[in-house]
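Please open the model in a viewer and keep the selection panel at hand.

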Amino acid sequence: MQAVILAGGKGTRLRPLTRQQPKPLVPLLEIPFLHWMVERCCQVGVDSIVISLGYRGDQIKDFLGDGSAWGIPIQLIQESTPLDTAGALVLARPYFTKDPLLVFNADILTDLDLRAVMDYHRATGSQATLTLTRVADITAYGLVELNVQGKIQSFREKPSPAEAQLITTNTINAGTYVLDPAIFDAYQPGDPLSFERQVFPQLLGRGGQMQGYIHEGYWRDLGNPASYYQGQLDILLGNMTDFPLVDVEQPQPGIWIHRTAQVAAEASLSSPCYVGSHTVVGARAVVPAGTIIAGDSWVDGRIAPGAYGQGTLLV
């Protein structure tokens, strides 16, 4: 199976973190998000990866190289103009094999079992399998309706509060798909194309076999600073367990310290918090709960509660 990672967006909602770097390289606890995504592909036996590039794509090229660091071929496709969520798939069509495509949005943090989704896709004989998740407030999302066999019946636009009172569906597109590459044969390369507004509704309208796979575990859209911050806290608190921290020790529950950091014995650290690589935390430091200190920092005083809740995000 091939994987496709959609990494061409500008990450506008995540500014200012994306003013100087592309969204897929924004780090979670010092690990670039794209690094984690490539690792996940390798773990489930993906044969090759295609990554669509757009905004600051040169930084991603420099980071990935030819994929040899992961032992897997990586093909990079540069968009000359923004092609929306699905246009990059048409542009990358010459690189596809006949195998199904495992497609990711590059801003979703989840513990989704990729092997289970791939097995479900094969078992149902579907042309497109969309992972779905349940949400409490359906007014913020477009909805996907299923029948009892898990077959997709319709796509709904974001409902108004009044409409939401009458709707029983609470499943939304979770941003990971398994797709038959042949569904892109009808589209011309170089044209903007949307999964949500064109590809999926048109495939359903043609009578295509589309299945929904409901994920009941952890799921978070990291598209804005508040959610990006919360995602990191969820990792520290153990709510999101499928994000291994490397070279990090936990001397106390919820307190994570990189092995290259120096923390004075007199320093006061409250859970949850993270102290990054090559950081020095002095004897006078008071680090409140919810603080994330990036690498190469120096702290020797009280960190005041920040804009995202109990702590301060330092990057």
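Begin with the open sheet of three strands, whose order is S16-S19-S22 with parallel pairing. Strand S16 (262-263) and strand S22 (298-299) form the edges; each has a single partner strand, so one side of each has no neighbour in the sheet. Strands here are DSSP runs (E, at least two residues) and helices are likewise DSSP runs (H or I, at least four residues), numbered from the N terminus. Two strands count as paired if DSSP finds at least two bridges between them. Select S16 together with strand S19 (residues 280-281): two bridges join these parallel strands. Within this pair, Gln262 stands opposite Val280 of S19.

This is a predicted model, in which local features need pLDDT of at least 70 and side-chain atom pairs count only at pLDDT 80 or more, while totals for chains, interfaces and linings use all residues. Residues are numbered from 1 along each chain as its sequence is written, and side-chain values use heavy atoms, with hydrogens and water left out.

Next, select helix H1 (33-43). Its buried residues include Phe33, Trp36, Met37, Arg40 and Cys41, where buried means under 20% relative accessible area, exposed over 50%, and partly exposed in between (1.4 Å probe, protein chains only). Just after H1, Gly45 takes a positive phi of about 80°.

Now display the cysteine sulfurs. How many disulfides does a search of the whole structure find? It finds zero, a disulfide being a pair of cysteine sulfur atoms within 2.5 Å. Cys41 is in no disulfide, and its nearest cysteine sulfur, that of Cys42, is 6.8 Å away. Cys41 is buried, with a relative accessible area of 0%, whereas Cys42 is partly exposed at 25%.

The whole structure contains two cavities of 30 Å³ or more. On a 1 Å grid over the protein atoms alone, a cavity is a set of points where a 1.4 Å probe fits but cannot get out; a pocket is an open set with protein on both sides within 12 Å along at least five of seven lines; and lining residues have an atom within 4 Å of a point. Grid points are joined across faces, edges and corners, and a volume is the space filled by probe spheres set on the points.

Select Trp36, Met37, Arg40, Phe104, Asn105, Ile108, Thr110, Gly175 and Thr176 to show the lining of the second largest cavity, which has a volume of about 50 Å³. H1 gives the most to this lining, with three residues. By class, the lining has four nonpolar, four polar and one charged residues; Ala, Val, Leu, Ile, Met, Phe, Trp, Tyr, Cys and Pro count as nonpolar, Asp, Glu, Lys and Arg as charged, and the others, Gly among them, as polar.

The largest cavity, of about 60 Å³, has Phe33, Lys23, Asp107 and Tyr228 among its lining residues. Its lining comprises seven nonpolar, no polar and two charged residues.

Finish at the largest pocket, which holds about 1,400 Å³ of space. Of its 50 lining residues, select Arg13, Thr85, Asn105, Asp107 and Glu196, which lie nearest its centre. S11 gives the most to the lining of this pocket, with five residues. Overall, the lining of the largest pocket divides into 21 nonpolar, 16 polar and 13 charged residues.
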